[in-house]
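Subject: Structure handover

Hello,

Here is the structure you asked about. Please open it and keep it beside you while you read the notes below.

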Amino acid sequence: MSRLEGVRVAVLTVSDRVATGARDDAGGSALCELLEGVGATLVSRAVVPDEPEPISAALRAMTGDADLVLTTGGTGLGPRDVTPEATRAVLDREAPGIAEALRHASLAITPFAMLSRATAGLAGRVLVVNLPGNPKAVREEWAVLAPVLAHAVETARGPVADEAHQHPPDA
């Protein structure tokens, strides 16, 4: 499991029932526990209903403060599951390999994983990844995602110019 010290993470839960207080935010809580376990810094956590504009608006706001935004919920086939579409509206570039790897690993556990429409990609230099709402599924997919997150975030940030990487001046 890679450590995420210095990585600023935002967690967005997408759920009508959690937004109204009818259900606890189990998926978001599971994500926060997992993030704490790898030393990430939680910079924000929010809950929005299954509506495209609130999801996109929350994602845009979160990308201003985070290196990584993880969503939970709204990725299935239900008529109100619109997290992937709202996420794509914010992304500059998709990272299909991430979503494919998560679905592939989940298929070894349940055939229902093929119903996931989750996506992942970059909004500027911020990695955004959709995860399921079920806390058990969050933990299962985290086991696949966590080992690559530090490298993915570092790569998304781009090269850092420092003296060790600069050419010496001509004499």
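This is a predicted model: local features need pLDDT of at least 70, side-chain atom pairs count only at pLDDT 80 or more; totals for chains, interfaces and linings use all residues.

First, a term for the elements: helices (H or I, at least four residues) and strands (E, at least two) are DSSP runs, numbered from the N terminus. Residues are numbered from 1 along each chain as its sequence is written.

Salt bridges

A salt bridge is a side-chain nitrogen of Lys or Arg within 4 Å of a carboxyl oxygen of Asp or Glu. The structure holds 11 of them.

Start with helix α6. Glutamate 140 and lysine 136 both sit there, 4 residues apart, or about one turn of the helix. Their side chains meet in a salt bridge, 2.4 Å from N to O. Are these two buried or exposed? Buried means under 20% relative accessible area, exposed over 50%, and partly exposed in between (1.4 Å probe, protein chains only). Lysine 136 is exposed because its relative accessible area is 52%. Glutamate 140 has 22%, so it counts as partly exposed.

Next, look at arginine 157 and aspartate 67. Their side chains form a salt bridge of 2.9 Å, N to O. Arginine 157 lies in helix α6 and aspartate 67 in the loop between α3 (52-63) and β3 (68-72), so this pair ties together parts that are 90 residues apart in sequence. Aspartate 67 is buried, at 8% relative accessibility. Arginine 157 is partly exposed, at 35%. Salt bridges that share partners join Arg8, Asp67 and Arg157 into one network.

Now find arginine 117 and glutamate 85. In their salt bridge, the closest N and O atoms are 2.4 Å apart. Arginine 117 is in the loop between α5 and β5, and glutamate 85 is in helix α4 (residues 83-88), so the pair links parts that are 32 residues apart in sequence. Arginine 117 is partly exposed at 23%. Glutamate 85 is partly exposed too, at 39%.

The largest pocket

A pocket is found on a 1 Å grid over the protein atoms alone: it is an open set of points where a 1.4 Å probe fits, with protein on both sides within 12 Å along at least five of seven lines, and lining residues have an atom within 4 Å of a point. The largest pocket has a volume of about 790 Å³. It is lined by 37 residues. Thr75, Pro132, Gly133, Asn134 and Ala137 lie nearest its centre. Two or more lining residues come from each of β1 (8-14), α1 (16-19), α2 (26-37) and α6 (135-157). Which element gives the largest share of the lining? That is α6, with 5 residues.

A nonpolar patch

Patches are made of residues with over 30% relative accessible area and no salt bridge; nonpolar side chains (Val, Leu, Ile, Met, Phe, Trp, Tyr) are joined within 5 Å, like charges within 9 Å. Leu77, Leu107, Phe112, Met114 and Leu115 make a nonpolar surface patch of about 550 Å². Leucine 115 lies in the loop between α5 (96-107) and β5 (120-123). At 37% relative accessibility, leucine 115 is partly exposed.

Best wishes

Methods
Side-chain values use heavy atoms; hydrogens and water are left out. Accessible areas come from the Shrake-Rupley method with a 1.4 Å probe; for residues, only the protein chains shown count as cover. Grid points are joined across faces, edges and corners, and a volume is the space filled by probe spheres set on the points.
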